[in-house]
Amino acid sequence: MSAQEVPPASPTLSSHSAPSTAPTVSVLAPSPVNTPNITEKLIDDYSCGLYKDKMTIYPGRMYITKTHITFHTSQLFSQAQISIDVNDIVGLFKRNTAYVFPNAIEVVLKDKTNYFFAS
């Protein structure tokens, strides 16, 4: 297995089901393995944090494939994964976290949901 390949985790279940017209964003239940459930060829991965409410940061890794952006975080005994279909993205913006350095990206989806990732 090469350094760029991530072994797939055991199957996980989506915590909610959305109508077929809604963007495909799924928050997955915790996996027993400390790796995300990625079955496509990995283009690249980055260490970053997901910002929630501008105060809470969830450190993890962002995995980029041809069709998805997946963020996986694992803290102590809990794991979470967010998978975003690239067809649902309407905006991708470079942002600042300290008002000076452009060290973050904002992902905006069709349903006006946005995710803020920073290094």
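**Ground rules.** I number residues from 1 along each chain as its sequence is written, and side-chain values use heavy atoms, without hydrogens or water. As the model is predicted, local features need pLDDT of at least 70 and side-chain atom pairs pLDDT 80 or more, while totals for chains, interfaces and linings use all residues.

**Salt bridges.** I looked for a side-chain nitrogen of Lys or Arg within 4 Å of a carboxyl oxygen of Asp or Glu, and the count came to three.

I found Asp45 and Arg61 paired at 2.6 Å, N to O. Asp45 lies in strand β2 (residues 42–52) and Arg61 in strand β3 (residues 56–65), so the bridge ties together parts 16 residues apart in sequence. Strands here are DSSP runs (E, at least two residues), numbered from the N terminus.

I then checked cover (buried is under 20% relative accessible area, exposed over 50%, partly exposed in between; 1.4 Å probe, protein chains only). Asp45 is partly exposed at 22%, and Arg61 is partly exposed at 31%.

I noted a salt bridge between Arg95 and Glu106, with the closest N and O atoms 2.8 Å apart. Arg95 sits in strand β6 and Glu106 in strand β7, eleven residues apart. Glu106 is buried at 13%, whereas Arg95 is partly exposed at 32%.

I recorded Asp88 with Lys110 at 3.8 Å, N to O. Asp88 is buried at 7%; Lys110 is partly exposed at 48%.

**Surface patch.** I looked up Tyr99, which is exposed at 78% and lies in the loop between β6 (89–95) and β7 (104–109). Tyr99, Val100 and Phe101 form a nonpolar surface patch with about 430 Å² of accessible area together. Accessible areas come from the Shrake-Rupley method with a 1.4 Å probe, and for residues only the protein chains shown count as cover. Patch residues have over 30% relative accessible area and no salt bridge; like charges are joined within 9 Å, nonpolar side chains (Val, Leu, Ile, Met, Phe, Trp, Tyr) within 5 Å.

Definitions and conventions
Helix = DSSP H or I, 4+ residues; strand = E, 2+ residues; numbered from the N terminus.
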